[in-house]
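Subject: Structure handover

Hello,

Here is the structure I promised to pass on. Please open it alongside this email.

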Number of protein chains: 2
Amino acid sequence: VADERLARAAWSRLVEPGDPVAGPVLDHLGVRGLLQLVLSAEPVPEGLVTSPRARALVSSGLERWRVRVATVDPERDVRTTERLGGRLLVPGDAEWPAGLDDLGHAAPACLWVRGSADLARAGARSLALVGARASTPYGDRTAAELAAGVADRGISVVSGGAYGIDAAAHEGALAAGGTTVAVLACGVDRVYPSGNEGLMTRVGEAGAVVTEVAPGSAPTRHRFLQRNRLIAALAGATVVVEAAWRSGALSTASHAAGLLRPVGAVPGPVTSAASAGCHRLLREAAATCITDAAEAAELVEPVGTALPGPRGVPEADHDGLPPHDLRVLDALPVRTARSTLSLAQVAGLPELQVLAALGRLSLLGLAESPGGGTWRRARRAGAAGRGA
Amino acid sequence: VADERLARAAWSRLVEPGDPVAGPVLDHLGVRGLLQLVLSAEPVPEGLVTSPRARALVSSGLERWRVRVATVDPERDVRTTERLGGRLLVPGDAEWPAGLDDLGHAAPACLWVRGSADLARAGARSLALVGARASTPYGDRTAAELAAGVADRGISVVSGGAYGIDAAAHEGALAAGGTTVAVLACGVDRVYPSGNEGLMTRVGEAGAVVTEVAPGSAPTRHRFLQRNRLIAALAGATVVVEAAWRSGALSTASHAAGLLRPVGAVPGPVTSAASAGCHRLLREAAATCITDAAEAAELVEPVGTALPGPRGVPEADHDGLPPHDLRVLDALPVRTARSTLSLAQVAGLPELQVLAALGRLSLLGLAESPGGGTWRRARRAGAAGRGA
């Protein structure tokens, strides 16, 4: 196969995603050289590797890769994809997402893509929202709200197209008119799970459906696990919304952490098994606690995104008072009134300081004097609760 | 006042908790010397301080502390306390809790205590469980379960005797037959809030009710905030169960962190305002995420307390399989059967490796051969879900 693009397409059928030997050999021989070697039935060439162990590894790789040689037909795979309105992407294409290069030897040889979105652009400001298929209504709602909220900020949402949290994340981004990318474990011409067919069609229209395996490939557990590394590498950060104690979403988080990308986890009730994996990430992996879209967006763009502070919590009337003024305020009766001497004793402060504090408190509308040198709480302060 | 104990009792009426000047001066003059100075109406003695600023601070302290001199009667306060079955504790007493010494200058001069528990012993293995008065049923239940769980491990539960999370924590510890300590912001002879009178009686019977302010003192906001430092110092670690974005419980956590004690926070739904403060601790203060009593207990005793791992999550049939075996398992059909050559192509592995994997999988009861050199998934594996 003389064409580099077709060689990569062919290679994506021969090799399983994440093959630990394939990456280094591909880098060494180039994809055309590697493909020629695999198709040739020659042994490992002299000089490619020196140690017997490395030779044995490459030799076993050749055995594996040659098993599927009879099924290789890259022109057919490209035709199949183009018939669906899709395209083949290889490294060096303008649309190739830069984030994948961080995978090094584990980077995919090519991507099979359907959809209107430019992948390079979508990946530039992107957040992975992933989680359990067996999600709860709480998780679905939270995923959809996070997705819509970050989409509103121009951040694209990457997920895995599965039931549960993945579907809610795609839906949330679509509802906000945003861009969303589904990374599949099967061929771009297949729909898995079948119940998400309509959703995947809409994701393709407004975003992109992406996979590294050749058309027709079935989704296997191995491919699901490897697919997770692509989600983590495509997105600038990964947030797990709900995940059981054991969950594939945790492997996505682990890949993201390995790529030094920020990892967030959404907390939930400690009584919910669907949140146990998120709490595990918070406890064991120092994931950032994510409670709203602003916090999720901050993972992707930590600079220049000011988080709102107290989020609409009204100030209490005593917030920010100096300690002595607080003590005088505490000493003021609500219904009756007290002399400044009595206030001084109750507050444990000299009378002059009490008078100064009363001046400040009355300016703030917190203290008032009914006359006779006595003071009480002003009406609007009277309703405030007590204690801590 | 010649007696050191009575001098400390007297001092606890004159000074407000946490007075920033009182601690250093008390350390310098001793409590009897300080009390003598305050009762004398003399100015700041020559030689006590050198800088004008320090002199001004002490001078203003003397003004404050002298305001309540007329109300001092330590014998009466001790009698009042003893009539309730209580006692006065001072540093150096065998029952004085060692944790308070970490407060340095901010340590209380004495403690007024009611209850059967030995405070030194209760403090030695103790956890503070604190949180919102405006708690939710979720928070109450979680607080009670955490309290009962750590009490079962012989850890005493420290809290503030308030409504909501505090009350649930005390109740949980009592229900488990454990020791619990309520730290009050008012005199040991007062009940605040009044609705917790029955609970405080039971806390006193099985544990202890503690305060640093003299009998008769009212609970003020200032005293609530200062009380929180005692909770943090008495306990080996502090866990916040529920707290609003602004909450006194966060001040307890902040005191604990300042004392280099571990701080935990219980997560909750991101939609619950009662958990916002906990999530804030997880995000901003690097609090440890706490989801059950074992994790809470671990904060107090990190050494030798093995956490259970996956907590009863059943192993999936493919857990721990080497990658090649997983690929062969994925390739095995459930209803029909496949030849080893076909399996090799689907799995992308040489036939010899497929045979070896089939051997291992059949030993594990995951693969079976209906004959003719073909293989399929064994029955019990057939039910397992697919994907990640």
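Below are the ground rules, then the findings by topic.

This is a predicted model, in which local features need pLDDT of at least 70 and side-chain atom pairs count only at pLDDT 80 or more, while totals for chains, interfaces and linings use all residues. Residues are numbered from 1 along each chain as its sequence is written, chains are lettered from A and ligands numbered from 1 in the order in which they are written, and side-chain values use heavy atoms, with hydrogens and water left out.

**How the two copies relate**

**The interface**

Contact here means heavy atoms within 4.5 Å. On that basis, 70 residues of chain A are in contact with 68 residues of chain B. The copies meet through the same surface, because 97% of the interface residues of chain A are also interface residues in chain B.

Chain A and chain B bury about 5900 Å² between them, and 56% of that is on carbon and sulfur atoms. Buried area is the accessible area (1.4 Å probe) that two parts lose on being put together, summed over both.

Six salt bridges run between chain A and chain B. A salt bridge is a side-chain nitrogen of Lys or Arg within 4 Å of a carboxyl oxygen of Asp or Glu. Arg283(A) and Glu295(B) form a salt bridge through their side chains, at 3.3 Å from N to O.

Between chain A and chain B there are also 17 residue pairs in polar contact, both residues at pLDDT 80 or more. A polar contact is a pair of N or O atoms within 3.5 Å; within protein, one must be able to donate a hydrogen and the other to accept it, and residues adjacent in sequence count only if both atoms are side-chain atoms.

Helix H9 (residues 221-234) of chain A gives the largest share of the side of chain A that touches chain B, with seven residues. Helices (H or I, at least four residues) and strands (E, at least two) are DSSP runs, numbered from the N terminus.

By class, that side of chain A has 30 nonpolar, 20 polar and 20 charged residues. Ala, Val, Leu, Ile, Met, Phe, Trp, Tyr, Cys and Pro count as nonpolar, Asp, Glu, Lys and Arg as charged, and the others, Gly among them, as polar.

**Salt bridges within the chains**

Over all chains, the count is 38 salt bridges. One of them joins the side chains of Asp93(A) and Arg5(A) at 2.9 Å, N to O. Asp93(A) lies in the loop between strands S1 (86-89) and S2 (111-114) of chain A and Arg5(A) in helix H1 (residues 4-14), so the pair ties together parts that are 88 residues apart in sequence.

Arg261(A) pairs with Asp102(A) in a salt bridge, with the closest N and O atoms 2.7 Å apart. This pair links distant parts of the chain, 159 residues apart. Arg261(A) is buried at 12% relative accessible area. Asp102(A) is partly exposed at 48%. Buried means under 20% relative accessible area, exposed over 50%, partly exposed in between (1.4 Å probe, protein chains only).

Arg280(B) and Glu284(B) form a salt bridge, their closest N and O atoms 3.4 Å apart. Both lie in helix H11 of chain B, four residues apart, about one turn of the helix. Arg280(B) is partly exposed at 26%, and Glu284(B) is exposed at 54%.

**Two residues of chain B**

Arg338(B) sits in strand S10 (residues 338-339) of chain B. Arg338(B) is partly exposed, at 30% relative accessibility. A polar atom of its side chain lies 2.6 Å from the backbone oxygen of Ala331(B). The side chain of Arg338(B) also makes a polar contact with the side chain of Ser342(B), at 3.5 Å.

Ser272(B) is in the loop between strand S8 (263-265) and helix H11 (276-284) of chain B. Ser272(B) is buried, at 16% relative accessible area. Neighbours within four places in sequence aside, Ser272(B) contacts Thr136(B) and Glu242(B).

Best wishes
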